[in-house]
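The model is a predicted one.

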Amino acid sequence: MTSGRRGFTLVELLTVLLIIGSLAGIMLLVMGSGTERARLAVCQKDTRTVGSAARIYLWENPGSQPELQDLVDSGLIERIPNCIGEGSCTWSSERLELLCETPSSPEPEPLTPLGSTFEEISGAMAQRVLDYYLDNGTALSTWQDGRYAAIGLEKTFWDNPVEGIMYVPQGLFVKIRPAVPGIAFQVTTVGGETKTLTSGLNWNIWYNVVTDTWYFHNSNDPAMIFDPGTLLVIRD
């Protein structure tokens, strides 16, 4: 004996999924905040709606590869999704899905106008000091506040350490030192001696922008020259 109840057909199930997908997309749109979030919600809704509609079309037309206009003409979707016209999505009739771009995360802001890392900041400041020398035929001042403005920098910004490190343009040099406890520089001189510089010493490492030479503490002592490849920035 059989009951009078019948099961759902595949077309009916896919239709239900299509409706659920549409409602879920609308909820995302309502709950979302901001233009990009709203656009993404619409794209997600369209992706689910069109995908379900394409499977219904394929069920009714075996072996076909429906285009979006076929889905519109058959009444399975009301319109071609806006993201197609905007160029952010494309339709794959083979995969039966919208292929949409994922918004990329914005690049983080640099810590300073010269970059974020030790290498970026020291290198960019050294280049400005060198450019000043080449353009003017003379070195930067070794003490006047105007030396910052002369190479396009704000003194008030560089009066403060960047992640615990001070960078100062001076003459033909960039001098750099650890400015807070817990940060130290360690280098190996040309003579093979390991040197450590802490904030308590109030010393600097010096980079001569003309000779491309790094010095530990004393920029007049050839024994204090070191290879920058040996420089370690140690943070406790």
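**Largest core**

I began with the largest nonpolar core, which has 29 residues; F118, W158, Y167, I176, F185 and I205 touch the most other members. I then checked which elements supply two or more residues to this core, and found α5 (118-136), β3 (165-170), β4 (173-178), β5 (183-188), β7 (205-208) and β8 (213-216). Of these, α5 gives the most, with five residues.

I looked up what F185 is in contact with, leaving aside neighbours within four places in sequence. The list includes F118, I165, I176 and I205, and also R177, P178, K195 and T196. L197, L231, L232 and V233 are in contact with F185 as well. I also noted another core, apart from the one above, of 15 residues, with C43, V50, A54 and C83 among them.

In general, nonpolar side chains in soluble globular proteins tend to be buried together.

**Helix α5**

I compared the span of α5 with expectation. At 1.5 Å a residue its 19 residues should span 27 Å, and the end C-alpha atoms are 27 Å apart, so the two agree.

Next I asked which residues of α5 are buried. They are F118, I121, S122, M125, A126 and V129. These cover an arc of only 120° around the axis, and therefore lie on the same side of α5. On the face turned away from that buried side I found the exposed residues E119, L134 and D135. After α5 comes G137, with a positive phi near 70°.

Which residues of β3 are buried on each face? On one side I found I165, Y167 and P169, and on the other M166, V168 and Q170; all are buried, and both faces are covered.

I then turned to pairing. β3 and β4 are antiparallel, with six bridges, and I165 stands opposite P178 in β4. I165 and P178 are also both in contact with F185. The hairpin of β3 and β4 has two residues between the strands, and G171 takes a positive phi near 60° there.

**Strands β1 and β2**

I finished with β1 (residues 89-92) and β2 (residues 97-100), which run antiparallel and are joined by four bridges. The bridge partner of C89 is C100 in β2. The hairpin of β1 and β2 has four residues between the strands, and L96 in the turn has a positive phi of about 55°.

Note on methods. Residues numbered from 1 in each chain as written. Predicted model: local features only at pLDDT ≥ 70, side-chain atom pairs only at ≥ 80, totals over all residues. Heavy atoms only, no water. Core = buried A, V, L, I, M, F, W, Y, C linked by side-chain atoms within 4.5 Å. Buried < 20%, exposed > 50% of the residue type's maximum accessible area, 1.4 Å probe, protein only. Contact = heavy atoms within 4.5 Å. Expected span 1.5 Å × (residues − 1). Arc of directions from axis to C-beta. Pairing = 2+ DSSP bridges.
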